[in-house]
Amino acid sequence: MSLLSIEGLDLAIHGVPILKRVSLAVAPGRILGVIGESGSGKSMTAFSVMRLLPRGADLSGRILFAGQDLAQAGEAQMGRVRGAGIGMVFQEPMTALNPLQTIGAQVAETLRLHDGLSARTAAARARAVLDRVGLPEPEFPLGRYPHELSGGQRQRVVIAMAIARRPRLLIADEPTTALDVTTQAQILALIRRLVDEDGMGAIFITHDLGVVANVADSVAIMRRGAVVEAGPTAQVFAEMRHPYTRALFAAATHQPARRPHAAPEPLLQVQDVVRSYPGRGGGLLARRGAAKRAVDGVSFTLHRGESLGLVGESGCGKSTLTRAILGLEPVQGGRIALAGQAVDAHRPVPRALRAKVQVVFQDPYGSFNPRHRVSRLVTEPFHLLDQPPAGIARAHAVAEALEAVGLRAGDADKYIHEFSGGQRQRIAIARALIIRPELIVLDEAVSALDVQVRAQILDLLADLTDTYDLSYLFISHDLHVVRRITDRVLVMRAGRIVEQGATERVFQAPEHPYTRALLAAAPDLTKAG
Amino acid sequence: MLRYAFRRLISFALALVVASLVVFFSLEVVPGDPAAYMMGLNARPEAVEALRAELGLDRAPAQRYVAWIGGMLQGDFGTSYTYRAPVAGMIADRLWVSLPLALYALALSTLIAFPVGIWAAARRGSAADMAVIGTTQLGIAVPNFWFAMILVAVFAINLGWFSAGGFPGWENGFWGGLKALTLPAIALALPQASILARVMRSALIDTLGEDFVRTARAKGLSPGQALRRHALRNALIPVLTIIGLQFSFLLAGAIIIENVFYLPGLGRLVFQAIQQRDLIVVEGVVMLLVFAVITVTFLVDLAYAAVDPRLRRG
């Protein structure tokens with residue numbers, strides 16, 4: 001018997017069709033994984049069930065839950081269902097909580113709203129719920145504010161709010177996407193435990209096949225607003241009847257064809273680099289807190305033609321290290337040398353040296369000025385050259401860079417909003433490539449992309465090393481991607497490199513316990529069913 | 001919280017010192033000798049010189065600055081060059097009109113702006129919202145003295161509910177004083193309320209789009225409950241900033257309204273003092289205003305911290 005049954009759901013927003021004949025079912029005590037790329041309609045399905053749709057939404061079909069059709073329910077009726085019958089957890093724990101209210105007040109609000117409890121009883125119940133999601137009393141009193149918690153802890157608070165009333169259905173929309181792998185593993189285990197203990201049904205929405213493989217009992221694969229394939233997880237993963245399912249899997253495990261190009265001579269040398277920040281506070285009366293070492297004695301060498309991975313969780317210091325390598329962050333100790341020349345942010349870095357290294361960031365949209373044409377965006381690094389090409393030579397360079405990344409020369413006259421996320425990332429790579437740098441730093445460059453697009457960009461990166469004399473420093477929290485695109489890998493934790501070595505060796509026989517923990521936590525497609 | 005307040009207090013004091021230096025030395029370089037001005041065009045040079053000595057204008061600027069600051073700390077703002085009366089007393093008389101007027105106008109502005117801004121934000125895009133946008137646009141565009149004249153024409157001349165101008169003084173009864181300040185306060189408040197309502201509306205619309213408001217709705221709160229319990233307080237920071245700025249403006253910027261209603265306020269005092277090169281009065285009033293502005297800024301900073309726990313850590 002289904003707890004929730006969605007039948008033939010159609011949704012249009014301002015006349016644009018978003019969902020087409022979506023049918024899904026969730027059983028008590030079971031987790032339904034809903035997989036899809038961005039724009040597939042998976043989140044809109046969840047918001048349809050909660051009836052928290054944007055203005056102009058036109059919903060038809062049936063959403064049967066606990067004997068009611070939610071598609072027809074009025075606002076007052078939905079107010080009783082939300083939070084009580086159905087709890088919801090969101091993607092971004094950093095912004096899902098009210099920053100001005102204590103966590104205790106926010107959890108208690110759910111209880112008071114529906115049960116009319118006294119403040120004292122609600123607080124006691126909130127305490128019990130927070131204990132249950134792994135935020136025990138001594139460290140996490142009710143009076144804590146969200147900003148005093150980490151991302152994973154905040155997500156636990158959001159989960160506590162969602163399950164406080166023991167709802168029969170839990171909807172989790174990308175609940176672990178913004179979290180580190182080890183935190184993700186803990187949150188997945190928590191959701192699984194709560195589902196098992198309470199006999200809740202759950203809808204788990206994600207773009208990550210590996211996460212679904214680990215947590216879901218059944219799956220539904222969505223594409224362009226429709227469910228293309230659904231069934232028990234093990235069966236769907238084993239049979240893969242629909243071509244789109246097969247394409248998703250192929251992309252998720254795609255191995256770009258790479259030839260090693262590493263030469264013996266070093267390109268980037270990092271020796272005993274230390275970057276520390278003064279401690280918090282200080283001033284007239286209080287003493288400063290202890291200095292924080294974001295990068296703590298890091299040494300490594302990147303050879304010419306090599307693709308070097310740098311993995312670590314948020315806050316491990318990899319971004320600080322990257323900025324130091326780019327000459328944007330003054331270091332307190334050690335030295336950094338690129339092609340034999342010292343990089344030191346205390347002094348202006350010579351343009352010729354800057355021209356040797358380019359960077360591609362995670363967000364391909366945020367790093368472009370939306371008012372400039374692609375030709376101008378791509379030629380930005382030319383200011384690093386003493387004699388930048390002009391006129392026809394410049395147009396030629398733009399065309400060559402765009403074609404090298406798989407775009408057309410004619411795209412130079414367009415604006416950035418005319419391109420998809422994957423194409424934008426190609427433009428970012430073209431911009432890095434145009435002055436023929438020796439090193440490209442890829443800072444989470446494929447993390448925001450859908451799996452199929454990501455596979456294409458990884459192929460592109462592999463191909464470029466055949467054509468150009470390029471080295472990569474590939475920074476990512478995604479271990480599987482790093483494994484597929486790098487020759488060697490550095491594992492960073494709390495400002496230190498805890499392990500480094502040939503990528504395959506590190507992945508197959510990790511030596512440091514932290515590396516082993518990271519690998520164990522990373523969702524794995526082969527664990528399906 | 002205490003440390004935050006203490007740090008704010010330190011910068012408060014520093015700002016006062018810097019402001020006093022700027023006020024004193026910039027007025028020192030303003031052309032025009034008060035003594036020569038007071039003696040008239042045909043004065044003999046010896047007489048002007050004697051008056052300069054009497055006023056203390058012959059001393060070095062640094063000496064005069066120290067004397068001026070030292071006096072102010074003891075409540076002695078010096079003696080007006082023109083009226084030969086203590087500046088402190090002159091300012092105090094005027095302050096009893098200007099300060100209540102500013103507070104009155106600010107209270108009206110806030111009382112109008114909050115409900116209107118919240119009401120419009122909750123109905124974003126509707127006809128009601130459009131009406132609020134249009135009306136507040138008008139309120140900002142129309143000068144306050146024009147409002148003042150309309151108010152006088154309607155409520156003083158036609159209806160006779162209020163007097164057209166003047167101030168009876170507080171000693172003749174609180175309600176009489178308040179009544180005399182009502183029309184000026186409304187004229188001052190309308191443009192300020194328009195600005196504040198727009199700030200309230202846009203800050204609240206931004207906040208209503210935040211993830212935590214969606215979380216609140218997913219808990220089962222109605223749109224109105226989510227707005228009141230979660231969005232409103234988060235939208236207050238920009239609103240508090242504007243309220244702080246408006247108070248400072250209302251205290252000193254009421255000169256035109258004071259003229260329309262014949263109110264003996266600070267604005268008219270400083271205006272006359274500038275015309276008569278009564279520099280010591282100008283300096284006194286300006287310092288008082290600087291003090292008021294910095295105090296308000298300090299209070300707004302404390303209000304930020306009261307609203308937002310993230311700011312309480314020094």
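Biologist: In what order do the four strands of the open sheet in chain A stand?

Modeller: This is a predicted model. The sheet's pairing is antiparallel, and the twist averages 30° from one strand to the next. Its edge strands, each pairing on one side only, are β12 (292-303) and β15 (341-343) of chain A. Read across, the order is β12-β11-β14-β15.

Biologist: How many bridges join strand β11 of chain A to strand β14 of chain A?

Modeller: Strand β11 covers residues 266-277 and strand β14 covers residues 333-338, both in chain A. They run antiparallel, and A:Q269 stands opposite A:A337 in β14(A). The number of bridges joining these strands is five.

Biologist: How far apart are the end C-alpha atoms of residues 4-249 of chain A?

Modeller: UniProt, in an unreviewed entry, places the feature "domain: ABC transporter" at residues 4-249 and 268-519 of chain A. The span 4-249 is 39% helix and 26% strand. Its end C-alpha atoms lie apart by 28 Å.

Biologist: Which helix of chain B gives the most to the side of domain 1 that touches domain 2?

Modeller: The domain assignment of chain B gives domain 1 (2-73) and domain 2 (88-311), with C-alpha centres 32 Å apart. In domain 1 of chain B, 15 residues are in contact with 16 residues of domain 2 of chain B. On the domain 1 side, α1 (2-28) and α2 (34-39) of chain B each supply at least two residues. With 11 residues, the helix that gives the most is α1(B).

Biologist: How many nonpolar residues does that side of domain 1 of chain B have?

Modeller: The side of domain 1 of chain B that touches domain 2 of chain B has two polar residues and one charged residue. Its nonpolar residues number 12.

Conventions
Residues are numbered from 1 along each chain as its sequence is written. Chains are lettered from A and ligands numbered from 1 in the order in which they are written. This is a predicted model: local features need pLDDT of at least 70, side-chain atom pairs count only at pLDDT 80 or more; totals for chains, interfaces and linings use all residues. Two strands pair if DSSP finds at least two bridges between them. Axes are lines fitted to C-alpha atoms, for helices over the stretch in contact, and angles run from 0 to 180 degrees between N-to-C directions. UniProt positions are given in the numbering used here, feature names are shortened, and annotations may be inferred rather than shown by experiment. Domain bounds come from an automatic or database domain assignment. Two residues are in contact if their C-beta atoms, placed from the backbone, lie within 7 Å. Ala, Val, Leu, Ile, Met, Phe, Trp, Tyr, Cys and Pro count as nonpolar, Asp, Glu, Lys and Arg as charged, and the others, Gly among them, as polar.
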